[in-house]
Amino acid sequence: MAPLAFLLVLVVVAAWLIAAYNGLIALKNQTLNAFKQIDVQLKRRHDLIPNLVNAVRGAMDFEKSTLEAVIQARNQAVKVNATGPEGIKQISRAENALSSALQRLMVVVEQYPQLRATGNIGQLQEELTSTENKVAFARQLYNDTATQYNTKQQQFPTSFVAGLAKAQPADLWEIEDQGEKAVPQVDLSLKPKT
Amino acid sequence: MSDEASLNLFQQQDANRRRTVVLVAGFVAFFAWLGFGGDYIYYLITRDAPRQAYHHAFPWFGIGLSLAAAAIAWYAYRTGPQKVLWSTGAREIVDPRTDKERQLVNVVEEMAIAAGVPRPRIWIVDDPDPNAFATGTDPLHSHIAVTQGVLDLCTRDELQGVVAHELGHVKNLDVRLMTMLAALVGAVALMHDGTSRVLRPGGGSSDERKPSPLVLILLVVWIVSWILAPIIAQLLALGVSRKREYLADAMSAQFTRNPLALASALQKIEGAEAPTTHIKRGAAHLCIADPLGRRLTSHEGLFADALATHPPMAKRIAILRGMGYAQLKQEKR
């Protein structure tokens, strides 16, 4: 009777080990895949920006600095090709800079009704909103998946298997840029800009 | 996504896979019962017939009907989504023409990224009443359809909420169960209509011998189950869809992080009085809001519980608002 009970316990433990290990591996791959998705969306955004800048350039001679900032941030972001644990931080810094440059550009476009009157800009605005959303949602999915993965590998009793599955805590994609964190200033005075 | 939510998702997917199997098995078993039951009754009737008369010994009806039911179920699985879309007269957006269509395509792409599923195919139903539904067999083969009314009435954020709700159905495999149900309910109704037309005139055979009470009872049960088949199928369709709507609302909030947008979209959908005429009863349980009018879903109670395909709108909106305010409170801190 005793050996049978022992065998039973062994089988249960083995089954749990396999399930926990496979669960961790599945989550790890999901996290990697979610990270690749961000890359895809960022690449898409890099490709879109030259078109956008060309479309507004003619009408925006007087806002050269804003456009320059966007182009520069874009080129900076394309250049970053880091890998490893530091990679995420570097990429996210460059991309966040690009995001805020784009946001400034959108605000500027809003201020020129003659720019918005041409139908092209409406479409471009939609495209840009969508692109920004896609990047944001890809980031959200990555963070959600990575959080789930991190929680799982730290939680008892899965934490025992974490070493076996070579699980490392995944870095979250954080918003570091102060400008993006801060609450935007809303001016309701309707005064014309000087 | 908290750990609990993801666990919930896997449980929901498993439950939906299981329920689809049970549904198909039940469908085939029901037809087997009709077939073999008929065989047995026929056998009992012809048992005492004279030697040279026909004796019903081999269960042809049972085998035939079971095979037919299996074939129908397989056919429904393969073509269910197309049939549902066809019944609503939806047209696919392959390459968007208007700004609104462009926006819809963009929003679906965004929400597919947020949900982590492949982009579904996108359809528009030319109906001024706002409504939306999803169909398909799994996330790789899925379709999202919205009415023109949704495009006209909703803002971008609200559209996002509605699309995310539908993608919630796709992700937790609700679409598989509900599409199968729609297809099988349709098949039962069609066959019932067809056979009752055949059975009615030729029913009474001029047999003067008295059948035994056992045969009579069997016959009565058998006929009653024929008559009840479409009603049972309809009730089944009503029962499965209500709880899912709350869950899909919650998933929408998780994907968009903006439950208030879906709440206001639901309010607009509720406010539109006209029924969605393009969506027939057979596909009603697939929709975000009951397309057959909103009277039954305005309150919760015994009557509404038994007959409505959807939970009360006011309750759904209240739950979403609760989520929204909790989120705001957390951000303030």
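Start with pLDDT: that is the predictor's confidence in each residue, from 0 to 100. Chain B averages a pLDDT of 80, and 82% of its residues score at least 70. By contact I mean two residues whose C-beta atoms, placed from the backbone, lie within 7 Å. Where pLDDT is low, the predicted coordinates should not be read in detail.

Some housekeeping. This is a predicted model, where local features need pLDDT of at least 70, side-chain atom pairs count only at pLDDT 80 or more, and totals for chains, interfaces and linings use all residues. Residues are numbered from 1 along each chain as its sequence is written, while chains are lettered from A and ligands numbered from 1 in the order in which they are written. For the complex, the predictor gives an ipTM of 0.77 and a pTM of 0.81.

Chain A next. Chain A has seven helices and zero strands. Helices here are DSSP runs of H or I, at least four residues, and strands are runs of E, at least two, numbered from the N terminus. Of the 194 residues of chain A, 28% count as buried. Buried means 20 or more other C-beta atoms within 10 Å of a residue's own; exposed means 12 or fewer, partly exposed is in between, and C-beta atoms are placed from the backbone. Take the contacts in chain A with a separation of 6 or more: residues 24 or more positions apart account for 76% of them.

Look at helix 1 of chain A. Its 56 residues should span 82 Å at 1.5 Å a residue, and the end C-alpha atoms are 83 Å apart, which agrees. The expected span is 1.5 Å times one less than the number of residues. Helix 1 of chain A also bends by about 30 degrees at L48(A), with a proline, P50(A), following within four residues. That bend is the angle between axes fitted to the seven residues ending there and the seven starting there.

Now, where do the chains meet? The contact takes 16 residues from chain A and twelve from chain B. On the chain A side, helix 1 (2-57) and helix 5 (119-154) each supply at least two residues. Helix 5 of chain A gives the largest share, 13 residues.

Over to chain B. An open sheet of four strands has the order 1-2-4-3, with mixed pairing. Two strands pair if DSSP finds at least two bridges between them. Strand 1 and strand 3 (132-138) of chain B are the edges, each pairing on one side only. Strand 1 (residues 91-92) runs antiparallel to strand 2 (residues 121-125) of chain B, joined by two bridges. There, E92(B) partners W123(B). Strand 2 and strand 4 (residues 141-147) of chain B pair in the parallel sense over five bridges. V125(B) has T147(B) as its bridge partner. Strand 3 and strand 4 of chain B are antiparallel, over six bridges. F133(B) bridges to A145(B).

One last residue. L266(B) sits in helix 8 (residues 259-271) of chain B. Is L266(B) buried or exposed? Buried, because 24 other C-beta atoms lie within 10 Å. Leaving out residues up to four places away in sequence, L266(B) touches M313(B), R316(B) and I317(B). The C-alpha atoms of L266(B) and A314(B) are separated by 9.0 Å, though these residues are 48 apart along the chain.
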